[in-house]
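Trainee: Could you show me how to read buried residues and their contacts, going slowly through one structure?

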Amino acid sequence: IIQGGCADVMKRALIGCNEFLKPYHTKMMLSVHDEICFNLHKNELDIIPELQRIMTEVYPSQYLPLETEASISDKSWAHVEKYVRAPRVET
């Protein structure tokens, strides 16, 4: 039951991300176990927090909160670094 439940969470996350990405150049490439890999367009880095929100809220539960982490690379999977959202600078 646990494994099937996790698969349902991933399916819902894939559907939610796919719907969100329709107007963007960024595309989902593949899913590997509990990860979703995206080909992120260079001008669309600002959508990463929204993708994370979609994934964490796909199965709301006060007893089992979902967390996400983003990694990014402009070269290959061998050069992946943890994505840290830059703080907003108000002008």
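This is a predicted model: local features need pLDDT of at least 70, side-chain atom pairs count only at pLDDT 80 or more; totals for chains, interfaces and linings use all residues.

Trainee: Which residues make up the largest nonpolar core?

Mentor: A nonpolar core gathers buried residues that are joined through their side-chain atoms, and the largest one here has twelve residues: Val-9, Met-10, Ala-13, Cys-17, Phe-20, Leu-21, Ile-36, Ile-47, Leu-51, Ile-54, Met-55 and Val-58. Two elements, α1 (2-21) and α2 (48-56), each give two or more residues to this core, and α1 gives the most, with six residues.

Trainee: What does Val-9 touch, not counting residues up to four places away in sequence?

Mentor: With those sequence neighbours left out, Val-9 is in contact with Val-58, Tyr-59 and Leu-66.

Trainee: Where is Thr-26 found, and is Thr-26 buried or exposed?

Mentor: Thr-26 sits in the loop between α1 and β1 (27-32). A residue is called buried when its relative accessible area is under 20%, so Thr-26, at 0% relative accessibility, counts as buried.

Trainee: Which polar contact joins the side chain of Thr-26 to another side chain?

Mentor: The side chains of Thr-26 and Glu-44 are joined by a polar contact of 2.5 Å, while the side chain of Thr-26 also reaches the backbone nitrogen of His-41 at 3.0 Å. Leaving out residues up to four places away in sequence, Thr-26 touches Leu-21, Phe-38, Asn-39, Leu-40, His-41, Glu-44 and Ile-47.

Methods. Residues are numbered from 1 along each chain as its sequence is written. Side-chain values use heavy atoms; hydrogens and water are left out. A nonpolar core is a set of buried Ala, Val, Leu, Ile, Met, Phe, Trp, Tyr and Cys residues joined through side-chain atoms within 4.5 Å. Buried means under 20% relative accessible area, exposed over 50%, partly exposed in between (1.4 Å probe, protein chains only). Helices (H or I, at least four residues) and strands (E, at least two) are DSSP runs, numbered from the N terminus. Contact means heavy atoms within 4.5 Å. A polar contact is a pair of N or O atoms within 3.5 Å; within protein, one must be able to donate a hydrogen and the other to accept it, and residues adjacent in sequence count only if both atoms are side-chain atoms.
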